[in-house]
Amino acid sequence: PIGLPAAMTPLLVAAGYKQFARTVGIYREGVYEPDLLGFQFDQMVLQPEAFTVRVAHAELRLTHYLRELCYAFSHEHPGPHEELFRRAHDAIQRWRATVPDGARRTQKLDPVAQKMLGVILTSADPLELTLQRLPGVFGAEGPDTAVIERVEQARKAIDEVRDLFADEAVE
């Protein structure tokens with residue numbers, strides 16, 4: 001903007017993102033940015049052609065679904081001003097890190113839990129994962145709070161196998 005020092009623009013972009021982004025995904029050269037640091041806002045201003053911002057309409061159904069999805073994997077609801085795709089992605093990735101390789105390859109899981117785990121392990125794009133692939137495991141066309149209970153059931157089945165592997169490792 002005219003009259004604004006160039007160094008202020010990244011601060012305004014960061015402040016706008018922090019204040020208003022609830023259902024937003026930021027991509028750099030087509031790859032999701034899993035962690036936004038201050039210098040990335042500088043890069044957004046200096047190289048805007050390298051960045052894409054995907055915004056989903058923050059309707060109540062979507063925000064409720066994402067909040068419950070966070071809870072299903074982390075047992076914590078996001079705060080009222082948190083970016084929900086990022087928070088859901090972080091919750092899923094933290095949970096995923098607790099699943100050992102043996103549990104990822106086992107045949108002891110029911111087919112739905114296996115499919116959910118496979119989708120989580122192979123999805124690089126959090127928006128695609130949360131909006132399409134994860135609901136698709138349970139037959140939904142898109143984000144739907146009706147699948148949350150089934151997500152939790154599958155996650156618990158995977159957790160039980162994880163715990164079984166941990167018990168066997170101790171013995």
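**The largest pocket and its surroundings**

Author: Start with the largest pocket: helix H1 (9-20) and H4 each supply at least two residues of its lining. Keep in mind that this is a predicted model. The pocket holds about 250 Å³ of space. Its lining counts 13 residues, and those closest to the centre are Tyr17, Lys18, Glu82, Glu83 and Arg86. Tyr17 and Lys18 fall within the span of H1. Arg86 falls within H4, which covers residues 84-96. H4 gives the most to this lining, with three residues. What is the lining made of, nonpolar, polar or charged residues? Eight of its residues are charged, four are nonpolar and one is polar.

Now step back to the whole chain. Eight helices and three strands make it up. Read along the sequence, they follow the pattern α-β-β-α-β-α-α-α-α-α-α. The C-alpha atoms fill a box of roughly 65 × 35 × 25 Å along the principal axes. Of the 171 residues, 42% are buried. Take the contacts between residues at least 6 apart in sequence: 61% of them join residues at least 24 apart.

The largest nonpolar core has 38 residues, and Leu69, Phe73 and Met116 touch the most other members. Which helices each supply at least two residues of this core? They are H3 (60-74), H4 (84-96), H6 (111-122), H7 (126-137) and H8 (148-170). H3 provides the largest share, seven residues. Leu69 and Phe73 sit within the span of H3. Met116 sits within H6.

Leave aside its neighbours within four places in sequence. Met116 is then in contact with Phe73, Trp95, Leu134, Val137, Phe138, Val151, Ala154, Arg155 and Ile158. Phe73 belongs to the span of H3, and Trp95 to that of H4. Leu134 and Val137 lie in H7. Val151, Ala154, Arg155 and Ile158 lie in H8.

The strands come next. Three of them form an open sheet in the order S2-S1-S3, with antiparallel pairing. S2 and S3 stand at the edges and have a single partner strand each, so one side of each is left without a neighbour in the sheet. S1 (residues 24-28) is mostly covered: four of its five residues are buried.

How many bridges join S1 to S3? There are five, and S3 covers residues 51-55. Tyr27 stands opposite Thr52 of S3. Ile26 has Val53 as its bridge partner in S3.

Arg28 stands opposite Val31 of S2. S1 and S2 form a hairpin with two residues between the strands. There, Glu29 takes a positive phi near 50 degrees.

Conventions:
Residues are numbered from 1 along each chain as its sequence is written. This is a predicted model: local features need pLDDT of at least 70, side-chain atom pairs count only at pLDDT 80 or more; totals for chains, interfaces and linings use all residues. Side-chain values use heavy atoms; hydrogens and water are left out. A nonpolar core is a set of buried Ala, Val, Leu, Ile, Met, Phe, Trp, Tyr and Cys residues joined through side-chain atoms within 4.5 Å. Buried means under 20% relative accessible area, exposed over 50%, partly exposed in between (1.4 Å probe, protein chains only). Contact means heavy atoms within 4.5 Å. Two strands pair if DSSP finds at least two bridges between them. On a 1 Å grid over the protein atoms alone, a cavity is a set of points where a 1.4 Å probe fits but cannot get out, and a pocket is an open set with protein on both sides within 12 Å along at least five of seven lines; lining residues have an atom within 4 Å of a point. Grid points are joined across faces, edges and corners, and a volume is the space filled by probe spheres set on the points. Ala, Val, Leu, Ile, Met, Phe, Trp, Tyr, Cys and Pro count as nonpolar, Asp, Glu, Lys and Arg as charged, and the others, Gly among them, as polar.
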